Amino acid sequence: MQRQHTLIFIILFIFFKMKSILKVSLITLIVIIGFSSCKKDRKIDVNTEDPSIDKPDNQEKFGTVSIVFSSKAGNSDLELDSVKYTNAHGDSLTISKFKYYLSNFKLIKDDGTVYKQEESYHLINRSNGKTYTVELENVPVGTYNSLNYLLGVDSARNTSGAQTGALDPALNMFWSWNQGYIFLLFEGTSPASQSFNQALSFHIGGFTLPYNCIRSISPSFGSQNVLVTEGHNSTIFVNTDVLKMFESPHLIKFSQVSESLGGAIGSSISDNAANMFSIASIQN
Amino acid sequence: MTLRRIFSFLFLLNILSCKTDSEILPSISKEDIQIKWPDYFPQPEYNFENNSLTKEGFYLGKKLFYDPILSKDSTISCGSCHQSFVAFAHADHKLSHGINNLQGIRNAPGLYNLIWQKSFFWDGGARHIELQPIAPIINPVEMGETIDHVVYKLRRNNAYKSLFNKAFMSDSITSQLLLKALAQFMGALISTNSKYDRYIQNPKMNPFTDDEKDGLALFENKCSSCHPAPLFTDGFFRNNGLDSTFIDSGRYRITNLPSDWGKFKVPSLRNVEVTYPYMHNGRFETLEQVLEHYNNGVLQSVTLDPLLRNGIALNNTEKRKIITFLKTLTDRDFIQDKRFSE
């Protein structure tokens, strides 16, 4: 705007040194310049999709990484309702609902450089499919030897006001009476359960001490690496074994524990659930 | 018209055209929705960050607040249990009433100065003003709805489509925008114009009576450690000796800490004259009963607040004067404000 006005004043100076016909042409010119410059101003104000803003530094090269989570029960694909499974203690069970939040995905290079996914919140719901894929975009090329994410939703986002997308409370993974997200929801039945209708109901959440149920997960890559090369997609396959929720380090006997809404039991189940994830394979 | 005039006109037009363009952008049209408070108030917890207060957002929030569309059978609105003429408490109701004549477990508190609150509900179970309304909407004994279905109903409603569009420049109605609109209305409910406030700001122009002055001095001496000015609450959770065993575990329900058994949030005493009945379960009808409880009714328990171990000794004159002072905390302008009432 400043520059535009300076320009106008220069033109104004020349203007009075000119003849009429020239003056009329100039007025037309000014009108055009004026309006087109305004248009430009407005574009800067409202346009958040300017491609140069989101594009990373041109000198770096990028690839993509997909992380495919498959729901398992032991070594088999997890089937809801129809299949009877056995937990580590030997209790029989069926599973009707299994869903969980993963957030804050990071890939870590061998030199310690960290790639972080922006707005990284994912609700994985077995009812919506056997697999769920997290797509990491604009990952700088290089060798990554570690993957890290949170089981749950970081405490900041639990208290940052109304959210949308994967964190929309309409998805029914939000506690209204003790507000915050349900990080991990498991429902099913077991003959060992002392609850009404032999129900199993574990709704795990809570982000305050002493029963913080958020867990940081770094499934072992073993001797493998993720090699990100320019314009290329690598895929990490992760298995999520639901039965690990009841195995270790806190062995869960359904005759004693068949439900939880966070608290001490929730915290124990979160310790166990942190062991649900294992790398099946990496495809570079 | 000389060419010089034409030039000036065009020059002006250029500038004006730019200005018009910038006004097309989302702007804060506060007009009659001014958020302000006296300088002796602290900075609020909620600053409408990521939710700019606009006239359109405020009035959308108000319409939603008074609309039973938020409940399962379209019988209960937020305003059913939060009535403007009693500072948004529920006049003469001990416990909140929901759909199908169901009854809640706690007394509906007054709604004002919410942007200074760190947490909501008697047990502090809600930690953000935008998220708080989810609880009454989905509570089976309050509105008994689902967030999903409320959004569905709003999306089918042409009036709301247009109002959400005007307020948020968005073509789609989401739970996020619903909650932000409600937060704009509720956040704008600010009560800072009681007789007490006018006295603090200019005691010569707005003097207290002798009884009010005595009451203030007594209050500062005996009540203000839990109910400090200017908000008249410290926002903490305390067991004030209503019970020795607890039907309602209070803050424990949120923290699972045994030390929180039977603790409830210290309520603000602004507008306390009109927000009866009192306490989390509405057990006291009058301020006289409340003060008599502190004088001679405090029950001992492990989590009883240390400040109340021996109760608060109050003779009848002291009680009367404290109540006289408490009535100076009533903000008539606020409870009669047409911008807020249905």
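What covers the buried residues of α6(B)? The covering elements include α2, α5 (147-155) and α7 (175-187) of chain B, where contact means heavy atoms within 4.5 Å.

## Basis of the description

This is a predicted model, in which local features need pLDDT of at least 70 and side-chain atom pairs count only at pLDDT 80 or more, while totals for chains, interfaces and linings use all residues. Residues are numbered from 1 along each chain as its sequence is written, chains are lettered from A and ligands numbered from 1 in the order in which they are written, and side-chain values use heavy atoms, with hydrogens and water left out.

Helices (H or I, at least four residues) and strands (E, at least two) are DSSP runs, numbered from the N terminus. Buried stands for under 20% relative accessible area, exposed for over 50%, and partly exposed for what lies in between, with a 1.4 Å probe and protein chains only.

## Helix α6 of chain B

The buried residues of α6(B) are B:Tyr160, B:Phe164, B:Ala167 and B:Phe168. Because they cover an arc of only 70 degrees around the axis, they are on the same side of α6(B); the arc is that of the directions from the helix axis to the C-beta atoms. On the face turned away from this buried side, α6(B) carries the exposed residues B:Asn158 and B:Lys166.

After α6(B) comes B:Met169, whose phi is positive, near 50 degrees.

## Packing of α2 against α6 in chain B

Two packed helices are described by the angle between their axes and the distance between the axes. For α2(B) and α6(B), which spans residues 158-168, the axes come within 8 Å and cross at roughly 145 degrees; axes are lines fitted to C-alpha atoms, for helices over the stretch in contact, and angles run from 0 to 180 degrees between N-to-C directions. The crossing of α2(B) with α6(B) is left-handed, a term for a near helix turned anticlockwise from the far one by less than a right angle, with right-handed used if the turn is clockwise.

From α2(B), the residues B:Glu56, B:Gly57, B:Leu60, B:Lys63 and B:Leu64 meet B:Tyr160, B:Leu163, B:Phe164, B:Lys166, B:Ala167 and B:Phe168 of α6(B). The residues of this contact divide into seven nonpolar, one polar and three charged, where Ala, Val, Leu, Ile, Met, Phe, Trp, Tyr, Cys and Pro count as nonpolar, Asp, Glu, Lys and Arg as charged, and the others, Gly among them, as polar. Within α2(B), the buried residues are B:Gly57, B:Phe58, B:Leu60, B:Gly61, B:Lys62, B:Leu64 and B:Phe65, and their cover includes α3, α5, α6 and α7 of chain B.

## Loop residues of chain B

B:Leu70 is placed in the loop between α2 (55-65) and α3 (78-81) of chain B, and it counts as buried because its relative accessibility is 0%. Not counting residues up to four places away in sequence, B:Leu70 touches B:Leu64, B:Cys78, B:Ile137, B:Met143, B:Glu145, B:Val150, B:Leu178 and B:Leu182. B:Leu70 and B:Thr146 are 76 residues apart in sequence, with their C-alpha atoms 8.9 Å apart in space.

B:Asp234 is found in the loop between α9 (210-222) and β1 (237-238) of chain B. Its side chain reaches the backbone nitrogen of B:Phe236 at 2.9 Å, and a polar contact of 2.6 Å joins the side chains of B:Asp234 and B:Arg238. A polar contact is a pair of N or O atoms within 3.5 Å; within protein, one must be able to donate a hydrogen and the other to accept it, and residues adjacent in sequence count only if both atoms are side-chain atoms.

## Chain A and the loop residue A:Asn87

The secondary structure of chain A comes to five helices and 16 strands, and of its 284 residues 46% count as buried. A:Asn87 lies in the loop between β3 (85-86) and β4 (92-109) of chain A and is buried, with 4% relative accessibility. Not counting residues up to four places away in sequence, A:Asn87 touches A:Leu93, A:Phe246, A:Ile252 and A:Phe254, while a polar atom of the A:Asn87 side chain lies 3.1 Å from the backbone nitrogen of A:His89.
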